[in-house]
Structures are given as C-alpha cells and as structure tokens.
Amino acid sequence: MSRTPQEIFESYVHAGAMTRNADALAENFTEDGVFEAPLMPADATFPRRLVGREEIRAAMAAYYERQAKGDGRRPNIAKSGYVLHTTADPEVFIAEIDTVFDGDGDSGGEDVVVSLVQIFRVRDGKIARLRDYFAPALMS
C-alpha cells in the first residue's frame, strides 16, 4: 500500500528537520531520487543537487554533522505549521511551510520564522524528486 502525501511529508520532516537522521531521510527517497535546492549558490554548505539515495545519505550526513557543531537549534513544532496542496497529478504535492525557531540573544529574543515551499514528486510511496525553495542565507 502506498503512503499518502501527509505520511510522506511527515516522515521526511521527522527524519530531516526534527532528528537530522541522514539514513532515515535517505530511505524516504527512491533509489534514483533527486533532492534539489535550486536557489542555493554552487559553493554553499547546503547541497544544491543530490542524485540517488546514497548521495543524499552521504551529503546530508555531512551537512548534519557540520550543523551539530553550530548552534544546533531545532524547529519549534508547536509554533511551526504547514499546508499540503495536492495537484491534478497524483504523483505531485506541494508543501507550504512556516518553520519557527525560538528566539535567542542573537535575534533580540524574537522568534525566527523561515518560510519555504517544497514540491514533491513521488513514486510508489517514496520521494522521486524534491525541489526545496528557501532563502539560501538561512542555510549556512
């Protein structure tokens, strides 16, 4: 039985943003899956284009390791929200996301909201292609 867009999205978010588990994240993709962040500059630390589950696994593990050495902040799920939009194509859905990070001294105590859009193309309950659109400056 194939997973619903809701199940696919929630599994992807839990593996990535919540637990930073590169193995679990990669398992959400098809063997030949593509993960793209088209707005990222070529020299950014966040990968711009990854092809194949193993490349996704390796690159995201390295990225999560670098992140852990930084501030390590995770989204506040209670404050964050999303809306999933289905399309006429049953293999495509869109996630409209507002991710909230609790404020700290650097932001004057104010929460930081990161808004983004992700376009998912799925096959057999897994992500075949994910295009992640967000402001590159937020992913140092």
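Arginine 129 forms a salt bridge with glutamate 36, with 2.7 Å between the closest N and O atoms. A salt bridge here is a side-chain nitrogen of Lys or Arg within 4 Å of a carboxyl oxygen of Asp or Glu. Arginine 129 lies in strand β6 and glutamate 36 in strand β1 (residues 29-36), so the pair ties together parts that are 93 residues apart in sequence. Helices (H or I, at least four residues) and strands (E, at least two) are DSSP runs, numbered from the N terminus. The model is predicted: local features need pLDDT of at least 70, side-chain atom pairs count only at pLDDT 80 or more, and totals for chains, interfaces and linings use all residues. Residues are numbered from 1 along each chain as its sequence is written, and side-chain values use heavy atoms, leaving out hydrogens and water.

Glutamate 36 is buried, with a relative accessible area of 7%. Buried means under 20% relative accessible area, exposed over 50%, and partly exposed in between (1.4 Å probe, protein chains only). Arginine 129 is partly exposed, at 35%. Arginine 131 also meets glutamate 36 in a salt bridge (2.9 Å, N to O). Arginine 131 lies in strand β6 and glutamate 36 in strand β1, so this pair ties together parts that are 95 residues apart in sequence. Arginine 131 counts as partly exposed, at 27% relative accessibility.

## A network between helices

The structure holds twelve salt bridges. One of them joins the side chains of glutamate 27 and arginine 57 (2.7 Å, N to O). Glutamate 27 lies in helix α2 (residues 22-27) and arginine 57 in helix α3, so the pair ties together parts that are 30 residues apart in sequence.

Glutamate 27 is partly exposed, with a relative accessible area of 35%. Arginine 57 counts as buried, at 17%. Salt bridges with shared partners join Asp23, Glu27, Glu54 and Arg57 into one network.

## The sheet and its helices

Six strands form an open sheet. Their order is β2-β1-β6-β5-β4-β3, and the pairing is mixed. Two strands pair if DSSP finds at least two bridges between them. β2 (49-51) and β3 stand at the edges, each with a single partner strand, so one side of each has no neighbour in the sheet. The twist averages 15° from one strand to the next. Axes are lines fitted to C-alpha atoms, for helices over the stretch in contact, and angles run from 0 to 180 degrees between N-to-C directions.

β1 and β2 run antiparallel and are joined by three bridges. Valine 34 stands opposite valine 51 in β2. Helix α1 (residues 5-18) packs on the sheet. Helix α1 touches β1, β3, β4 (92-101), β5 (112-123) and β6, and its direction makes about 140° with that of β3. Contact means heavy atoms within 4.5 Å. α3 lies across β1, β2 and β6, at about 50° to β1.

## Two buried polar residues

Aspartate 132 is found in strand β6 (residues 126-133). Aspartate 132 counts as buried, at 6% relative accessibility. Its side chain makes a polar contact with the side chain of glutamine 118 (3.2 Å). A polar contact is a pair of N or O atoms within 3.5 Å; within protein, one must be able to donate a hydrogen and the other to accept it, and residues adjacent in sequence count only if both atoms are side-chain atoms. Aspartate 132 and glutamine 118 are 14 residues apart in sequence and 4.5 Å apart in space, C-alpha to C-alpha. Beyond neighbours within four places in sequence, the contacts of aspartate 132 include Tyr12, Phe35 and Glu36.

Asparagine 76 is found in the loop between α3 (53-68) and β3 (81-86). Asparagine 76 is buried, at 17% relative accessible area. Its side chain makes a polar contact with the side chain of aspartate 102 (2.9 Å). The side chain of asparagine 76 also reaches the backbone nitrogen of alanine 78 at 3.0 Å.

## Aromatic pairs

The count comes to ten aromatic pairs. Rings of Phe, Tyr and Trp (its six-membered ring) pair if their centres lie within 6.5 Å; planes under 30 degrees apart count as stacked, over 60 as edge-to-face and the rest as tilted. Tyrosine 12 and phenylalanine 120 form an edge-to-face pair, 5.7 Å centre to centre with 85° between the planes. This pair links helix α1 to strand β5, across 108 residues. Tyrosine 12 and phenylalanine 120 are both buried.

Phenylalanine 35 and phenylalanine 46 form an edge-to-face pair, at 6.0 Å and 75°. Phenylalanine 35 is buried, with a relative accessible area of 3%. Phenylalanine 46 counts as buried, at 4%. One aromatic cluster includes Tyr12, Phe35, Phe46 and Phe120.
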